[in-house]
Protein chains: 2
Amino acid sequence: MGRYRGLTLRVLHKAAPAMGPGKAELIDRIRQTGSISAAARAMGMSYRRAWQLVEALNKTYTEPVVTTAIGGTRGGGARVTAFGVRMVTLFRAMEDKASAAIAADLHRFTAYLRPSLKRQKRR
Amino acid sequence: MGRYRGLTLRVLHKAAPAMGPGKAELIDRIRQTGSISAAARAMGMSYRRAWQLVEALNKTYTEPVVTTAIGGTRGGGARVTAFGVRMVTLFRAMEDKASAAIAADLHRFTAYLRPSLKRQKRR
DNA sequence: CTGCGCTATATTCCATCATACATAACGAGA
DNA sequence: TCTCGTTATGTATGATGGAATATAGCGCAG
């Protein structure tokens, strides 16, 4: 899981998220496990949703991010392409750079956040 | 409306968004119009939702971001506090810095995004 | 003192989305 | 040939969230 930075970054493709924390983690998990379903289980996500995210990824980019195989030794599996690895790596780098660029401001900002709060709805 | 940067930035408060594009725009609209309902209308958002966002803002920060008045000349109104203005200004600065820091990477990234996408279902 | 517009809040309705469940195709290996 | 785990997809149910609606309170203007 991505470490806590106090911020989230999302890359947009015509206002639609093309890459963000969730997709990046999913790609990493698929790379680790070699399977969409295993990655979904690890993230507490339904297989269907994970599959839909993979489908969306493969549609938004010029090259496939994940390739899949049906049947076979372990029933099949999924592989993150070299292209997918590059995309996720690039995104991680962007997260790091953005985080570094605003670190000072973020520190100032969080000083004005209530330290403890009643359970609040996520927005 | 905030200009298109190809990215979205959100400041988190214990994994819950404390500031993002939506809240920032809402604050600006309230400042411009002097009213929560007018700001909501301008954003095509229900009054209730806008009010809930204002409530969330005032709860998450150490000082109120928006103050309200009931009744009176124009039925009442809302004002963004100096503190609120500072928070939104700081956030805008963070957006700018983050955007600048990853501009080159973002340019490379978007080169791998499909220029045109299949017609998506309109809603 | 009545009307107006806005804040404030509860309630109800509805669309959306995610999860869960079901099913089929698939191919290596036992 | 039969099993197994996975991809792939459809369907249904449930939860979530937003919008619409309703109502009340407020205070200045007329």
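## How the two copies meet

In this predicted model, the two protein chains meet through the same surface, because 87% of the interface residues of chain A are also interface residues in chain B. The contact brings together 31 residues of chain A and 31 residues of chain B. On the side of chain A that touches chain B, both β1 (7-13) and α4 (82-110) of chain A supply at least two residues each, and α4(A) gives the most, with twelve residues. Sorted by class, that side of chain A holds 18 nonpolar, six polar and seven charged residues.

## A sheet shared by both chains

Which strands make up the open sheet, and in what order do they stand? There are four strands, in the order β2(A)-β1(A)-β1(B)-β2(B), and their pairing is antiparallel. At the edges stand β2 (16-19) of chain A and β2 (16-19) of chain B, each with a single partner strand, so one side of each is left without a neighbour in the sheet. From one strand to the next, the twist averages 55°.

Where the chains join within this sheet, β1(A) pairs with strand β1 (residues 7-13) of chain B in the antiparallel sense, over five bridges. Two of the bridge partners can be followed in the structure: A:Arg10 has B:Thr8 as its bridge partner in β1(B), while A:Val11 has B:Leu7 as its bridge partner in β1(B).

## The surfaces around the DNA

DNA strand D is surrounded by 27 residues, of which the closest are A:Ile36, A:Ser37, A:Gly75, B:Ser46 and B:Gly71. The elements that give two or more residues to this surface are α2 (36-43), α3 (47-60), β3 (66-70) and β4 (76-80) of chain A, together with α3 (47-60) of chain B. By class, the residues of the surface near DNA strand D divide into eight nonpolar, 13 polar and six charged.

Around DNA strand C there are 26 residues, and the closest are A:Gly71, B:Ile36, B:Ser37, B:Thr68 and B:Gly75. Here the elements that give two or more residues are α3 of chain A, together with α2 (36-43), α3, β3 (66-70) and β4 (76-80) of chain B. The surface near DNA strand C divides into eight nonpolar, 13 polar and five charged residues.

## The hairpin of chain B

The hairpin has five residues between the strands, and in it B:Gly71 takes a positive phi near 75°.

## A buried glutamate in chain B

B:Glu95 is found in helix α4 (residues 82-101) of chain B. Is B:Glu95 buried or exposed? With 23 other C-beta atoms within 10 Å, B:Glu95 is buried, because a residue counts as buried if 20 or more such atoms lie within that distance.

Once its neighbours within four places in sequence are left aside, B:Glu95 is in contact with B:Arg5 and B:Leu9. Although B:Glu95 and B:Arg5 are 90 residues apart in sequence, they are 9.0 Å apart in space, C-alpha to C-alpha.

Methods
Residues are numbered from 1 along each chain as its sequence is written. Chains are lettered from A and ligands numbered from 1 in the order in which they are written. This is a predicted model: local features need pLDDT of at least 70, side-chain atom pairs count only at pLDDT 80 or more; totals for chains, interfaces and linings use all residues. A residue is near a molecule or strand if its C-beta atom, placed from the backbone, lies within 6 Å of it. Ala, Val, Leu, Ile, Met, Phe, Trp, Tyr, Cys and Pro count as nonpolar, Asp, Glu, Lys and Arg as charged, and the others, Gly among them, as polar. Two strands pair if DSSP finds at least two bridges between them. Two residues are in contact if their C-beta atoms, placed from the backbone, lie within 7 Å. Axes are lines fitted to C-alpha atoms, for helices over the stretch in contact, and angles run from 0 to 180 degrees between N-to-C directions. A residue is buried if 20 or more other C-beta atoms lie within 10 Å of its own, exposed if 12 or fewer, and partly exposed in between; C-beta atoms are placed from the backbone.
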